[in-house]
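Biologist: Hi! Could you walk me through this one?
Modeller: Happy to. Let's have it on the screen and then chat.

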Amino acid sequence: MIPEIGHFALILALSVAVVQGIFPLWGSFNGKLAWTSMAKPGAYAQLFFLFISFLCLLYAFIVNDFSVKYVANNSNSQMPAAFRASALWGAHEGSLLLWALILSGWGSAVAFFSKGIPSIMLARVLSVMGLIGVGFMLFLLMTSNPFERLLQIPLQGRQLNPLLQDIGLIIHPPLLYMGYVGMSVAFSFSMAAMIGGKLDAAWARWARPWTNIAWVCLTLGIALGSWWAYYELGWGGWWFWDPVENASLMPWIIGTALIHSLAVTEKRSSFKVWTILLAILAFSLSLLGTFLVRSGVLTSVHSFASDPARGLFILVFLLVVIGSSLLLFAFRAHKLRSTGSFSLVSRESGLLVNNVILLVMAATVLLGTLYPLIIDALSLGKISVGPPYFNAIMVPLALVLFSVMGFGFFVRWKKDSMSRVLKRVWFPLTLSLVSAFVLPMLLAQDLKIMTILGVFASSWIALAALMWVLSSGRSPFKLPLASWGSVVAHIGMAMTVAGITVVSLYDSEKDVRLEKGQSYELAGYKYTFNGVEAIQGANYKAHRATMDISHNGKTVTTVHPEKRDYGPGSMPMTEAGIDAGFTRDLFVALGEPLGGDAWSFRLYHKPFVRWIWLGAVLMGLGGLMAALDKRYRRVRRRSLEVAQDDEKQTTNKPNPKLSGAIA
Amino acid sequence: MNMKFTIPLIVFAALAGLMLFGLTNDPKLIPSPFIGKPAPQFTLPRLYKPEETVSVSDMKGKVWMLNLWASWCVSCRAEHKVVTRLSKKEKIPVIGLNYKDFGTEEYGNEALKWLEVLGNPYYAVVVDKDGMAGIDWGVVGVPETFVMDKKGIVRYKFTGPIYQKAADEILSPLIEKLRKEEG
């Protein structure tokens with residue numbers, strides 16, 4: 001009964017979304033107040049019904065209702081309750097439901113915090129979000145119904161992939177989806193602006209905090225995924241240029257470009273067309289990412305054919321969303337004239353360079369991700385585009401980007417002179433150049449070109465950001481929160497760059513065979529193997545090794561790498577033993593038994609690897625600070641009056657009912 | 001309307017066209033030059049009894065299938081269930097050709113573990129370590145599946161992992177039809 005309620009609630013949510021997608025938009029043209037005012041209750045009702053639907057599916061997972069096909073395929077009663085719950089988004093159907101739920105959540109949030117946004121604009125934004133929701137819920141109901149029942153009820157369900165039975169994977173997908181779906185807000189705002197044919201600073205001020213928060217979720221989601229891959233896959237790697245990772249990186253790169261472009265649109269009324277295009281791209285790539293990961297195309301294009309209905313729906317949906325938005329762009333973009341002009345040496349130019357580089361980076365990733373699929377689809381063979389391709393293109397691009405980034409802080413809007421900028425940057429620039437040569441010499445006793453470049457890039461960004469605060473002439477405590485957010489986020493970027501540089505160039509790993517009591521020394525640390533014991537987990541059996549690690553004769557720590565067996569049908573899982581530290585990680589993975597007391601081990605010394613994720617956390621924090629800046633709340637109230645004037649200008653025949661609605 | 005704003009739309013349309021072309025051009029329909037010709041000969045050692053060999057000529061008089069797989073092939077894993085079901089349902093001998101896998105430096109005995117974990121649906125598994133038999137059969141990628149009639153003629157080639165619908169709608173009827181033909 002409960003699953004049927006969930007199914008029915010999903011159908012109701014779809015019906016609500018249809019109304020929300022059509023009437024407010026229509027009403028915004030014919031001036032019917034009753035129609036535009038359906039947007040807000042529509043958004044709330046859609047959230048309400050989707051939440052019920054979600055709860056019903058969650059309930060089916062918690063009580064092990066194996067008569068529901070999706071539950072039987074992805075969960076069993078031996079799994080701990082937390083993993084049974086997270087199994088909901090462990091596969092295609094459930095994660096789509098989560099997607100739809102989060103979308104309606106964003107919609108309701110926009111509706112709730114919409115005080116300063118004119119009702120016409122709000123109606124259009126919510127309508128576009130409703131239409132996206134219609135697409136997703138149709139997809140769910142037509143091809144991927146999570147509430148489908150089984151006629152023969154199995155006694156036990158199938159296991160969720162043991163790789164996914166992990167705390168990191170409980171929060172990673174929802175966070176990532178928050179980011180993906182959050183890009184729909186910027187997208188909807190852009191659609192609304194193009195439908196209205198007007199885009200001004202007030203618009204950018206509404207769109208900015210939403211875009212920032214979506215970007216924050218995406219940043220943290222990607223970092224969490226990278227961290228999970230690091231400790232769970234047991235290879236000690238933190239980024240694999242895997243198509244699934246690339247799918248999340250592309251919207252992140254474009255999202256980064258978008259938040260910078262939005263800044264120009266707000267402050268200088270410039271880059272308007274560019275901002276719109278980036279918003280469309282960011283959301284399109286989010287959609288592409290969701291589908292690439294969830295349709296199974298990535299493991300093999302042929303799996304696309306295994307369920308043609310799904311594949312076709314996805315293609316048509318992508319075509320409709322991206323095609324219609326670009327069509328609208330083609331017809332309306334010329335109306336959004338940018339007014340602010342700028343000269344060659346100006347912050348606008350710097351941000352333009354930033355945007356172009358980021359766009360090229362995203363295109364690089366897109367090409368590398370889709371090329372093997374295209375080759376495969378055309379039956380020209382199976383190729384894989386590996387890290388060499390990505391590194392060869394992304395690293396130089398990133399270096400150029402980072403060099404420009406430092407200047408960006410000091411260059412004025414509109415027009416600046418090179419000599420004035422140089423006067424202000426010479427100190428951080430010299431300092432970072434010096435540290436680029438001195439630090440590697442002191443700490444690593446060698447000088448590789450990549451180390452110099454990496455250390456320079458990271459210290460340059462960090463110092464530039466810090467010096468900018470110190471030399472701004474204002475008390476750091478009086479600086480707006482948004483400026484602090486920018487500083488924190490850029491220092492986070494510097495930290496990530498430093499972590500990547502050091503761990504890529506100076507990590508060491510070794511495969512060793514150790515008998516009980518034997519030890520091995522790697523990068524100054526002595527690893528002593530003290531035996532393996534068999535343990536029984538909640539739904540797995542494991543071998544658990546004890547490894548004592550000492551440094552210069554002093555015991556540092558003891559780690560317990562495990563090898564887990566989740567029963568027939570699943571691969572053995574490696575649970576690495578990790579001693580995390582600010583400047584280094586010690587990482588031990590347990591291999592195979594080699595007879596007697598001997599086991600094989602993989603030992604890693606990973607200097608500064610934590611910095612990669614700590615940097616991402618700072619970036620997220622910075623983005624959040626920027627989104628919470630007082631200015632957005634204050635200005636929202638002021639923008640009310642401005643917006644009223646705008647609406648009067650855009651509607652050719654001022655409608656008495658409409659003006660009433662805004663006032 | 002300014003023409004430059006249609007550029008993104010045009011680029012997107014071109015990309016979409018390419019994708020549609022790729023996906024509607026069903027790669028499985030590309031005819032193999034071997035179809036209608038006698039199956040290329042091979043004599044390969046068996047996985048579990050390396051001292052014994054299996055040849056194509058051993059299969060004469062039977063409708064049989066050759067299924068190329070490898071432990072390193074992700075899609076083979078997806079296909080495995082379908083092959084198992086098909087071989088059980090049709091009681092058809094399927095020779096598993098383990099391609100560039102068992103005994104190689106990188107993969108060692110992964111193939112044995114693979115069969116141990118997932119089950120062995122094969123009538124016999126033969127080892128093509130250096131991929132020479134694969135070349136004779138014109139293999140493009142793994143997995144690939146061939147269906148031979150009683151005379152030893154290649155009658156069908158399936159590129160990529162077999163999915164259940166293809167097994168039910170293409171392979172099963174074909175096998176039944178071939179069984180009715182004269183040997």
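Modeller: Let's start in a loop of chain A: A:Trp241 sits in the loop between helix H9 (201–232) and helix H10 (243–268). Keep in mind that this is a predicted model.

Biologist: Okay, what is phi of A:Trp241 near?

Modeller: Phi of A:Trp241 is near 50°, which is positive, and the residue is not a glycine. Most residues other than glycine have a negative phi.

Biologist: Is A:Trp241 buried, exposed or partly exposed?

Modeller: A:Trp241 has 19 other C-beta atoms within 10 Å, so the residue counts as partly exposed. The cut-off for buried is 20 or more.

Biologist: And which loop holds A:Asn552?

Modeller: A:Asn552 is in the loop between strand E4 (541–551) and strand E5 (554–559) of chain A. A:Asn552 also has a positive phi, about 50°, although it is not a glycine. With 8 C-beta neighbours inside 10 Å, A:Asn552 counts as exposed, because the limit for that class is 12 or fewer.

Biologist: New topic: helices. How many residues does helix H8 of chain A have?

Modeller: Helix H8 covers residues 167–196 of chain A, which makes 30 residues. From first C-alpha to last, H8(A) reaches 45 Å, close to the 44 Å expected at 1.5 Å a residue.

Biologist: Is H8(A) mostly covered or mostly open?

Modeller: H8(A) is mostly covered, with 24 of its 30 residues buried.

Biologist: What follows H8(A)?

Modeller: A:Gly197 follows H8(A), and the phi of this glycine is positive, near 75°.

Biologist: Let's do strands. In what order do the four strands of the open sheet in chain A come?

Modeller: The order is E1-E10-E9-E8, and the pairing is antiparallel. Strand E1 (508–514) and strand E8 (577–579) of chain A are the edge strands, so named because each pairs on one side only. From one strand to the next, the twist averages 15°.

Biologist: How many bridges link E9(A) and E10(A)?

Modeller: Eight bridges, in the antiparallel sense, between strand E9 (residues 584–593) and strand E10 (residues 599–607) of chain A. Across that pair, A:Asp585 stands opposite A:Lys606 in E10(A), and A:Phe587 has A:Tyr604 as its bridge partner. E9(A) and E10(A) form a hairpin with five residues between them. In the turn, A:Gly595 has a positive phi of about 90°.

Biologist: And what about E1(A) and E10(A)?

Modeller: Seven bridges join E1(A) to E10(A), and these strands run antiparallel. There, A:Asp511 stands opposite A:Arg602 in E10(A). E10(A) is mostly covered too: seven of its nine residues are buried.

Biologist: Zooming out, which domains does chain A have?

Modeller: The domain assignment gives domain 1 (1–160), domain 2 (167–191 + 198–416) and domain 3 (508–609). The centres of domain 1 and domain 3 of chain A, taken over C-alpha atoms, are separated by 43 Å. Four residues from domain 1 and five residues from domain 3 take part in the contact. On the domain 1 side, the residues divide into two nonpolar, two polar and no charged.

Biologist: Last one: how many helices and strands are in chain B?

Modeller: Chain B has five helices and seven strands. From the N terminus on, they run α-β-β-β-α-β-α-β-α-β-β-α. Along its principal axes, the C-alpha trace of chain B spans about 75 × 45 × 30 Å, and 38% of its 183 residues count as buried.

How values were computed
Residues are numbered from 1 along each chain as its sequence is written. Chains are lettered from A and ligands numbered from 1 in the order in which they are written. This is a predicted model: local features need pLDDT of at least 70, side-chain atom pairs count only at pLDDT 80 or more; totals for chains, interfaces and linings use all residues. Helices (H or I, at least four residues) and strands (E, at least two) are DSSP runs, numbered from the N terminus. The expected span of a helix is 1.5 Å times one less than its number of residues. Two strands pair if DSSP finds at least two bridges between them. Axes are lines fitted to C-alpha atoms, for helices over the stretch in contact, and angles run from 0 to 180 degrees between N-to-C directions. Domain bounds come from an automatic or database domain assignment. Two residues are in contact if their C-beta atoms, placed from the backbone, lie within 7 Å. Ala, Val, Leu, Ile, Met, Phe, Trp, Tyr, Cys and Pro count as nonpolar, Asp, Glu, Lys and Arg as charged, and the others, Gly among them, as polar.
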